[in-house]
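Have the viewer open and follow along.

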Amino acid sequence: MLLGAPGSGKGTQAEMITRHFGIPVTSPGAILRRERDLGTELGLETADITQHGGLVSDDIIVRLIEDWLRLHGSHGFVFDGFPRTIPQAESLQNILARHRTPLDLAIWLDVSEKTVGERIASRLQCQGCGFTTSLSSATFAERPVCPYCDGPLVRRNDDAAEVLKHRLQEFNAKTQPLAESYQKSGALRRIDGNRDREAVFGDISRLIEQAA
Ligand code: AMP
């Protein structure tokens, strides 16, 4: 699992892990954005919370993860942004015990407030495929377009400065305590996430290879 503050690079690294190692990834945040865009009941029910930077109820998130694992979890998994609370971590422990699957690594991407502020302020995401990039590297012919699917690159509605503040408060209050818990279980590995994506991925790759 990949844990860390908003803008720590969880989504970027999850995508690189999937591409390099072929391990399927799931991200409750990405699922909820897609559901919102599709206008489903789940998307509409949670849109207000995500837009304002709150955390969606543990019940909803755990159900999403259970459904995903049932369908895709037999070849391992990468969780991007799950768990985010102690009750979610406890539910996950029960789910993995039922699947007889160990948790190999809880990778914590450490980032400074400065890094978070800069990354979120310039983050762009493809509306079509979810690819994430930055304003400086994405502008092509004066129009930010996705290099993979040509979709429009837009800012996430929860990346606004005042929403980010709330997301960071939620992270500090509800997610930070997970570090201690995974430290105790021996799964926690901390990585300096302030560096560029390749440097961070180099460290993550080594951890995955050692765990295999
Ligand atoms: P992310 O794409 O991981 O930044 O998540 C975007 C938003 O989705 C978060 O700010 C929350 O509102 C919601 N969300 C994602 N993952 C979780 C989770 N594990 N628990 C509760 N809410 C979540």
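Arg100 sits in the loop that runs between α5 and β4 (106-110). This is a predicted model, so read everything below with that in mind. What makes Arg100 worth a click is its phi: at about 50 degrees it is positive, although the residue is not a glycine.

The peptide bond joining Phe82 and Pro83 is cis, with omega at about -5 degrees.

## Around the ligand

Now zoom in on the ligand. Which residues come nearest to it? Out of the 15 residues around the ligand, those are Arg33, Gly54, Arg84, Gln88 and Arg156. Sorted by class, the shell splits into five nonpolar, five polar and five charged residues. Helix α2 supplies the largest share of that shell, with four residues.

| Residue | Protein atom | Ligand atom | Distance |
|---|---|---|---|
| Gly54 | polar backbone atom | oxygen | 2.6 Å |
| Gln88 | polar side-chain atom | nitrogen | 2.9 Å |
| Gly81 | backbone N or O atom | nitrogen | 3.0 Å |

How much of the ligand does the protein bury? On its own the ligand exposes 480 Å², and 95% of that is buried by the protein.

On the α2 side the contact is made by Pro28, Ile31 and Leu32, and on the α4 side by Ile61, Leu64 and Ile65. By class, the contact of α2 with α4 has six nonpolar residues, no polar and no charged ones.

The other pair is helix α5 (residues 86-99) with helix α9 (residues 177-185): their axes are 9 Å apart and the packing angle is about 35 degrees. Here Ile86, Ala89 and Leu92 of α5 meet Pro177, Leu178, Ser181 and Tyr182 of α9. The contact of α5 with α9 divides into six nonpolar residues, one polar and no charged.

Notes:
Residues numbered from 1 in each chain as written. Predicted model: local features only at pLDDT ≥ 70, side-chain atom pairs only at ≥ 80, totals over all residues. Heavy atoms only, no water. Contact = heavy atoms within 4.5 Å. Helix = DSSP H or I, 4+ residues; strand = E, 2+ residues; numbered from the N terminus. Nonpolar A, V, L, I, M, F, W, Y, C, P; charged D, E, K, R; others polar. Near = heavy atom within 4 Å. Polar contact = N/O pair within 3.5 Å; in protein donor to acceptor, adjacent residues only side chain to side chain. Areas by Shrake-Rupley, 256 points an atom, 1.4 Å probe, with all protein chains shown as cover. Axes fitted to C-alpha atoms, helices over the stretch in contact; angles between N-to-C directions.
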